[in-house]
Each structure stands twice: as C-alpha cells, then as structure tokens.
Amino acid sequence: FSMTISEIPVIGVTTPKKFELVSRNLDKFPTSMLNRVHQYFMAEAFSTTPLLAMGGVIALGAVLGGRVYKAKPMPCTSSLYICVSARSGTGKNAPKDLITRILSDCDMLELLGGSRFTGESAIRNMLVKYPTKVMVIDEFGDKIDEGLNSSSSTIVAGGFSALKSLYSESMSTSMACEMAHNTKSTTENNASKPIKHPSLSILGLTTNEKLNKVINDELLEGGTLNRFIFLHDTTRDSKINWDYIGSDTPSWLTNHLGQLSNKRCGSISGDRRKDAEWDEDSMTRNEFENAPLYTYLDIDEDMGKAFHYKIAEMNGNSIFNNLSQRWLENGNRLAIGLTVLDNPNAKRVPQEIQSWCYDFVEFHGKRFMDNYASRPTNRFAENQDYILKLMKSSKDNKISKKDLGNQKRIRGLNMHQRAELISALIDSEDIRSEVHGKAIVYILNNE
C-alpha cells in the first residue's frame, strides 16, 4: 500500500477541504478469485471502465449472498445499494448485461429484478414474488431527482421510501404497504403482504454530470443517500474491446457459482425449480413460511470496532457525520457479498477482505463528499431550524403533524422531504413523536 486511508485528511467542520485521495490500493480486489471475476467483467464488454466493472462484481456478490449468508457477531446480510457515476459514453450498460448473462447461465435468473425504478407497491410486489433481487437501474440520477427533489409527492418518492425501509429490514419482516389496502388490483394486493427477510440490492448507474445537478445539502443530510455506496468514476476514456463478440459465461465461473446455486436451494424450499415453474401463490408461501437457513460467517469484531471508533474520531461537519453513519454496516455488507463470491463455502470473512472493504467504503465515501458536500446553502438545516423555532413558540412546545403540514414553508415540500426532516430531528433527539388519539404530535425535547 502506498498510502493508508487514515492518512487522508477529513473534511473540515466549517471549511470543506479537498481530500488527497490515493486509490492505488483499491483498484483491485483483495483476492485472486475476485480479481478473476473483475477481469472477466472487463473482458466481456465492448466498452467499460475498471470502476464500472467493479460495481458489477460487487452487485453480483450482494445478490448471491441474499437470504443465505449472515455475519456474526456484527449481524447483517449482503444486500447493498451502490450507485456508480461515470462519464457519458463509458459503457454503463456493461455491468447490467453481464449480471443478466451470468445469472441466466447459472440458472439463477430469478435473482434479477426489474430495471425500471418505480413506486413502493411495484417494489414490494416484486419482492413478494421472490424476496432476493438485484435491480440494475440506468439513469439513476434522474430517479434521485424525481424521487427526492420534487416539490410534489411522486410514485418514485414512494419507491425511495421503500428502499430506506427495506435496507433496515433485511433481517426481519417487512410489513405491508398501507396504501395497498384500499385497492383490489393484484399488484396492490401483493404489495400488502409481509415479506420475511427481504434482500434487495441496487446497482444504480448515472452520469457524473447528472449527479452534479441533483445532489444538494438537503439530500446529503437526509436518511436515504447514506444507505448507498457512491462510486465516482473519473476515467476519461473507457476500455474498448474491438474484438468483443460476446459469449456464454465460462465454465470456471458457472462451476464456481454453481456451489451458490445449490446453497440457494436449501434456503428456499429444498428442491431446485426454475423461475418459470413457480406460480405466484407457491412463491409467496414457500418464501415467507420457510425462514432462511442462514450460513453464518464469522467477522472480526475487533476490526469492526476499530473502524467504528476511527469514524467517530473524525468529527466532521454535519454532512460528514450523516453520510459516514453507515460506513461500518455497508463495509460489513460488502465484505459478506465479496466473501460469498470469493468462496461459497467460507465459514468466516477473511481479514484481508474485511479490511479492504472498510478502506473501500471510507475512500469512496470521502470522494463522494469531496465532490458534493461543499454547497453554499443548506436548506435542510434551515428547514430544521424553522421547525424547532416554530415549536418553541407554540403552546407546550409541540405541534401536530397536520398543523405543521399547513405551514407555508413546509407545505412546499413533498411527503418524502417532510419525513426526512422529521426523521432527522427525531434521530438527533431534538424532538419526539407521539400519537394523541388519531393525531400524530411532535414534541420538543427538554434541553
């Protein structure tokens, strides 16, 4: 290693600083098998970049471990949200094409989700049918803009709300989408069903230019983007394979991943059935009623604690503190997926993989903040202050959700933006939420 991540300066509390990022130690994966898969992703594309291919490898490992592997003693699963931003024309479709081909050739196409990101009901309906999925979504920056920046509530905003919940519910039961109870369509009825241990992974693909336009402080301080690992690709020219013709997945990879296919049988119903042979009722019944038979992977808790305290000691500004909040968990999730892809029969996460994952998450987290965290206006914080001042001036230092929504400044925000503001204030323990009769009331905590 030419430079450790700990040597990289952290962002300043008041004056954002540029990070001196050196990523030579993170350009390659930490094991020979993972690098072989990465090289395959590079070779089997007409046009791509190393980081785009790396995003594809990470997403593949994330979905292959879903509902089958779990870490201990820091419990988490392999489901993961990744967004790769690259220059236009560098081959962003290559990871999607390869993931589709590999899953198809390995008889695991049921793990591939839709490529269109829509609303909460559609996402839940997909997971009810089969609760382990990876969605590879192009033009993801447009979806972020539509779902998180729009001044009016949209279907896509509901989709991001679902992503936020599903991230935290991968080891529990995701309960019904309430709005689905008022409809009678098949999709809405499925969306109303509980999902046990949902495992949704996302590989979002967008351009650097689009992400530059849509990211703002309000998003950076919200609770959605910190669930993602953002990979910012600065490669100017993609690698062109002029002799590329496309071919089936090689036997060395299908044989290797075949071990995972066999393990996935045991986690579902015990008998291997192709996706086409599953009907909706049997999928729902078998997937929900049969709890996953997890293979537990030992993970080094001391290494995890050291990373946790390292992050805590950085003491960055509020944006840094929010975006780094899930670095440890994302590092552990990444480590599970890569361990599974490296060795389907592993009993523990190798230390070299765990250490590499922590460095990888920290490095790209700092690169993301270096690019997007220096905005002249922080509307999110201003709106938080407005709510707190409003509550302090009200009777008994409280306000109902309905009355708050009627305030002109808050009325201009969509449902998701309002929820992000309240969630951040509750997480910081500035306020608490209580139910009084049929009304939700926000109460200022005593200082």
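Here is a walk through this protein, from its overall make-up down to a few individual residues. Keep in mind that the model is predicted.

Let's start with the big picture. The protein contains 19 helices and 13 strands. Of its 447 residues, 55% are buried. Now think about which parts of the chain touch each other. If you take the contacts between residues at least 6 apart in sequence, 77% of them join residues at least 24 apart.

So what sits inside? In soluble globular proteins, nonpolar side chains tend to be buried together. Here, the largest nonpolar core has 102 residues, and Phe41 and Leu64 have the most contacts inside it. Helix H2, covering residues 50-64, gives the most to this core, with eleven residues. Another core lies apart from it; this one has 16 residues, including Phe380, Leu421, Ile431 and Leu444.

Next, find helix H15, which runs over residues 351-372. Its 22 residues reach 32 Å from the first C-alpha to the last, close to the 32 Å expected at 1.5 Å a residue. Is this helix enclosed or out in the open? Because 18 of its 22 residues are buried, H15 is largely enclosed by the rest of the structure.

A pair of them is described by the distance of the centres and the angle of the planes. There are twelve aromatic pairs in the count. Take Phe140 and Phe228: their rings are 5.7 Å apart centre to centre, with 45° between the planes, and the pair is tilted. Phe140 lies in helix H5 (residues 140-149) and Phe228 in strand E8 (residues 228-232), so this pair ties together parts that are 88 residues apart in sequence.

An α-helix has 3.6 residues a turn, so residues three or four places apart point the same way. Trp356 and Phe360 are both buried. Elsewhere, Phe140 and Phe228 turn up again in an aromatic cluster, along with Tyr81, Phe160, Tyr167, Phe230 and Phe368.

Now for some backbone details. Most residues other than glycine have a negative phi, and most peptide bonds are trans. Arg67 has a positive phi, near 60°. You'll find Arg67 in the loop between H2 and E2, and it is buried at 2% relative accessibility. His197 also has a positive phi, near 50°. His197 sits in the loop between strand E6 (195-196) and strand E7 (199-207), and it counts as buried at 12% relative accessibility. As for the peptide bonds, look at the one joining Lys72 and Pro73: it is cis, with omega about 10°. Pro73 belongs to the loop between strand E2 (69-72) and strand E3 (81-86).

Last, the cysteines. A disulfide is a covalent bond between the sulfur atoms of two cysteines. How many disulfides does the whole structure have? A search finds zero. Cys76 is buried, with a relative accessible area of 3%, and Cys106 is buried at 8%.

Conventions
Residues numbered from 1 in each chain as written. Predicted model: local features only at pLDDT ≥ 70, side-chain atom pairs only at ≥ 80, totals over all residues. Heavy atoms only, no water. Disulfide = S-S within 2.5 Å. Buried < 20%, exposed > 50% of the residue type's maximum accessible area, 1.4 Å probe, protein only. Core = buried A, V, L, I, M, F, W, Y, C linked by side-chain atoms within 4.5 Å. Helix = DSSP H or I, 4+ residues; strand = E, 2+ residues; numbered from the N terminus. Expected span 1.5 Å × (residues − 1). Contact = heavy atoms within 4.5 Å. Phe/Tyr/Trp six-rings, centres within 6.5 Å; stacked < 30°, edge-to-face > 60°.
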